[in-house]
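Open your viewer and get ready to click along. We will go from one selection to the next.

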Amino acid sequence: MDTNTIAVTVESFSGRILDYALLLAAIGTIAMALLELIKNVTYWRRHFHRRRIERWLTIAPDSKAAHQQLMLLAAGGLQNAEVLYDQPAAKLMGQVQAAANVALDFPSKYPAFYEFIAAMPQAQELRDGGDDAKLWRRFSTERMEGRPRKISIAEDTQARGAAQARARLGNLVSRKLDALQNEIEFAWARLNQLWSVIGGGTLLAWILLNQKPHPSPELVVLLSVLGGLVAPFAKDVVSALTSLRARR
């Protein structure tokens with residue numbers, strides 16, 4: 001076996017792939033740049049986060065009041081909602097978590113958001129401690145009204161039960177918000193990936209249609225779809241092939 005022949009063949013093949021990869025990398029870079037421009041001009045992330053949070057709140061018994069109270073606690077009022085929604089998902093959810101903590105500490109002040117955020121799962125087998133929200137709200141209300149309590153909190157069974165209920169509610173709310181953040185970040189990443197593929201495929205189709213002679217429509221569609229799928233990852237291929245040729 002002639003290793004030199006094999007090496008030349010591999011190098012020729014990798015060179016051709018590198019040419020195509022460079023084209024797809026350029027298309028992917030242009031498509032991503034245009035996508036970022038469109039997102040910044042249209043405030044895409046702001047509208048996306050607003051829709052996600054509003055959809056999350058639709059199951060609340062009083063969704064409008066829950067949304068108003070959330071905006072009050074997380075952004076200082078509805079007038080600042082746009083600023084809140086324009087933040088990255090991690091920072092947005094940090095503000096929502098802070099708002100949930102305040103609502104848990106003062107359920108009588110923010111009843112709509114508290115009732116929503118402290119709601120237990122519907123499944124019967126998951127409703128152990130389903131009275132935690134009512135127990136903690138009753139205890140918190142009595143505390144805020146200044147009703148007399150026993151001298152020693154350690155001996156107060158109701159106080160200990162309420163404290164345990166508050167701890168369980170805090171853990172429940174944290175897990176709910178973690179799930180919401182994961183859902184938002186996943187949907188945002190998939191949406192960006194989808195539009196980058198569409199943008200890359202559209203740009204590649206435009207390039208192919210401007211070639212002489214014109215390729216067949218079926219070939220344009222096939223190459224555009226494949227190119228759009230590969231374009232976001234073409235930079236990695238270029239790096240790998242460039243390092244391979246450099247070692248030679």
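This is a predicted model: local features need pLDDT of at least 70, side-chain atom pairs count only at pLDDT 80 or more; totals for chains, interfaces and linings use all residues.

Residues are numbered from 1 along each chain as its sequence is written, and side-chain values use heavy atoms, with hydrogens and water left out.

Select residues 44–56 for α2 and 157–209 for α8: the angle is about 140° and the axes lie 11 Å apart. Now show side chains. Among the α2 residues that meet α8 (heavy atoms within 4.5 Å) are Trp44, Phe48 and Ile53; on the α8 side, look for Leu177, Ile184 and Trp188, among others. This contact divides into eleven nonpolar, one polar and four charged residues.

**Second stop: the core**

Next, select Ile53, Trp56, Leu70, Phe113, Ile117 and Leu177, the residues with the most contacts inside the largest nonpolar core, which has 43 residues. Such a core joins buried residues (under 20% relative accessible area, 1.4 Å probe) through side-chain atoms within 4.5 Å. Its largest share, nine residues, comes from α8. Click Phe113: leaving aside neighbours within four places in sequence, its contacts include Trp56, Leu70 and Ala103.

**Last stop: α3 and α5**

Finally, select α3 and α5, which pack at about 110° with axes 8 Å apart. That makes α3 roughly perpendicular to α5. Here Leu70, Leu73 and Ala74 of α3 meet α5 residues including Val96 and Ala99.

Definitions and conventions. Axes are lines fitted to C-alpha atoms, for helices over the stretch in contact, and angles run from 0 to 180 degrees between N-to-C directions. Helices (H or I, at least four residues) and strands (E, at least two) are DSSP runs, numbered from the N terminus. Ala, Val, Leu, Ile, Met, Phe, Trp, Tyr, Cys and Pro count as nonpolar, Asp, Glu, Lys and Arg as charged, and the others, Gly among them, as polar. Buried means under 20% relative accessible area, exposed over 50%, partly exposed in between (1.4 Å probe, protein chains only). Angles under 35 degrees count as roughly parallel, over 145 as roughly antiparallel, 65 to 115 as roughly perpendicular and the rest as oblique.
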